[in-house]
Amino acid sequence: CHLARAGRRVDVADTLANKTGLVYVGMPHPLAVPAVAWLVREVLPRVAAVLRDDFGRDDAFVERHAVLYVAGGGDQAQRWRRATRGAPEASKARVRLVGALSDVGLAEELLVLRRVFVAPLFNNTGIATKIVNAMSHGLPVVTTPGGCRGLGLPADASRALLVAADAAAFAR
């Protein structure tokens, strides 16, 4: 499988082993910034610890995989920086602001580059289309209970969607 990007062919990674990091996609509105701040302050340090302590991964692996890529925001993408205020320096260093993406750029981010889609939704209503989009691309999704609202998922959806109510469970 491949994507066409700027006139060139980009191969889609066929295994998670070739992908790195966590990706969050969205606009930096007043409900989303605190959710990303929670990822930065509470989840990222735990992801690094789980990889290192529970799975015995070396520092190089942890540095590649315990990274949060924040995509989206259009001309307001700089507002994502508010999500890192007050976070430990080690956590801030694990955040990459990708900014606005075209449809092809977003598809590449989801299909080619990233390992897990994260969607901590605490105050949402309706269906979280970002979760449906990530799942449709075959990307594993970790979300909070709010991310399941309106999806009508079958009981065996845990193969594609993990639901975690707290930071420790989210990191695992």
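On a 1 Å grid over the protein atoms alone, a pocket is an open set of points with protein on both sides within 12 Å along at least five of seven lines. Its lining residues have an atom within 4 Å of a point. Grid points are joined across faces, edges and corners, and a volume is the space filled by probe spheres set on the points. By that rule, the second largest pocket holds about 230 Å³ of space. It is lined by 16 residues, and the closest to its centre are H29, L31, L121, N124 and K130. The lining has ten nonpolar, five polar and one charged residues. Here Ala, Val, Leu, Ile, Met, Phe, Trp, Tyr, Cys and Pro count as nonpolar, Asp, Glu, Lys and Arg as charged, and the others, Gly among them, as polar.

This is a predicted model, in which local features need pLDDT of at least 70 and side-chain atom pairs count only at pLDDT 80 or more, while totals for chains, interfaces and linings use all residues. Residues are numbered from 1 along each chain as its sequence is written, and side-chain values use heavy atoms, with hydrogens and water left out.

Now the chain as a whole. It has six helices and eight strands. These are DSSP runs, numbered from the N terminus: helices are H or I with at least four residues, strands are E with at least two. Along the sequence the pattern reads β-β-β-α-α-β-α-β-α-β-α-β-β-α. Of the 172 residues, 47% are buried, meaning under 20% relative accessible area; exposed means over 50%, and partly exposed lies in between (1.4 Å probe, protein chains only). Contact means heavy atoms within 4.5 Å. Among contacts between residues at least 6 apart in sequence, 68% join residues at least 24 apart.

Next comes the sheet. Strands of a sheet pair through backbone hydrogen bonds, either parallel or antiparallel. In this model, six strands form an open sheet in the order β5-β4-β3-β6-β7-β8, with parallel pairing. Its edge strands, β5 (95-99) and β8 (161-163), each pair on one side only. Neighbouring strands are turned by 25° against each other on average, direction ignored. Two strands count as paired if DSSP finds at least two bridges between them. Strand β4 (residues 68-71) is joined to β5 by four bridges, and A71 stands opposite G99 in β5.

Move on to β6. Three bridges join β3 to β6, where L22 has V116 as its bridge partner. Another three bridges join β6 to β7, and V118 stands opposite V142 there. Five of the six residues of β6 are buried, so this strand is largely enclosed by the rest of the structure. Helix α5 (residues 129-136) lies across β3 (20-25), β6 (114-119), β7 (141-143) and β8. The helix runs at about 160° to β6; axes are lines fitted to C-alpha atoms, for helices over the stretch in contact, and angles run from 0 to 180 degrees between N-to-C directions.

Two loop residues complete the tour. C148 lies between β7 and β8. At 24% relative accessibility, C148 counts as partly exposed. Leaving aside neighbours within four places in sequence, C148 contacts T143, L161 and V163. The C-alpha atoms of C148 and L121 are separated by 9.0 Å, though these residues are 27 apart along the chain. L121 is also one of the residues closest to the centre of the second largest pocket. R57 sits in the loop between α1 (32-54) and α2 (59-65). Its relative accessibility is 40%, so R57 counts as partly exposed. Not counting residues up to four places away in sequence, R57 touches L51, R52 and V62.

Terms used:
1 Å grid on protein atoms, 1.4 Å probe; cavity = no way out; pocket = protein on both sides within 12 Å on 5 of 7 lines; lining within 4 Å.
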